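Hello,

Here is the structure I said I would pass on. Please look it over before reading my notes below it.

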Amino acid sequence: MTPKEILIAARAQIEAPERWTQGAFAKTAKRNKSHPTSPRATCWCILGAVASVTGDNPNRPDRAISSGLAAATGVDAYTECVIEWNDAPERTHAEVLAAFDRAIEAAA
């Protein structure tokens, strides 16, 4: 998959508000923390959604994808900054989807 295809698939993964989360890469239906690729995961953070699509370690996403999301969120390219952006108490689901849209638009 290209970075753009991965971003599109990850966005689709969290398109419904109940499928997005904060405070963990992924959570189960009972809101317990989960690995993003677990079949029990039902909601994901911004990087957890990417990891669920790629099967990669969410702490080390593909550089093109993490850089694209960092640029789209206005933070450093470091993974932690994108996670902190996702987990900010004031962050909304709509803002996360908009960040995916900007990253998708900018992706090659």
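Predicted model: local features only at pLDDT ≥ 70, side-chain atom pairs only at ≥ 80, totals over all residues.

Residues are numbered from 1 along each chain as its sequence is written, and side-chain values use heavy atoms, with hydrogens and water left out.

The protein chain has five helices and three strands; helices (H or I, at least four residues) and strands (E, at least two) are DSSP runs, numbered from the N terminus. Their order from the N terminus is α-β-β-β-α-α-α-α. Along the principal axes, the C-alpha atoms fill a box of roughly 35 × 30 × 25 Å. Of the 108 residues, 45% are buried, where buried means under 20% relative accessible area, exposed over 50%, and partly exposed in between (1.4 Å probe, protein chains only).

A nonpolar core here is a set of buried Ala, Val, Leu, Ile, Met, Phe, Trp, Tyr and Cys residues joined through side-chain atoms within 4.5 Å. The largest one holds 28 residues, and Leu7, Ile14, Ile46, Leu47, Leu69 and Phe100 touch the most other members. Two or more residues each come from helix H1 (3-13), strand E3 (41-44), helix H2 (46-54), helix H3 (63-73), helix H4 (79-87) and helix H5 (93-106). H5 contributes the most, six residues. Leaving aside residues up to four places away in sequence, Ile14 touches Arg19, Trp20, Trp44, Ala49, His93, Val96, Leu97 and Phe100; contact means heavy atoms within 4.5 Å.

In H5, the buried residues are His93, Val96, Leu97, Ala99, Phe100, Ala103 and Ile104. They lie on the same side of H5 because they cover an arc of only 155° around the axis, the arc being that of the directions from the helix axis to the C-beta atoms. Ala94, Glu105 and Ala106, on the other side of H5, are exposed.

How many disulfides does a search of the whole structure find? It finds zero, a disulfide being a pair of cysteine sulfur atoms within 2.5 Å. The sulfur of Cys43 has its closest cysteine sulfur in Cys45, 9.7 Å away, which is too far for a bond. Cys43 is buried, at 0% relative accessible area, and Cys45 is buried too, at 2% relative accessibility.

Regards
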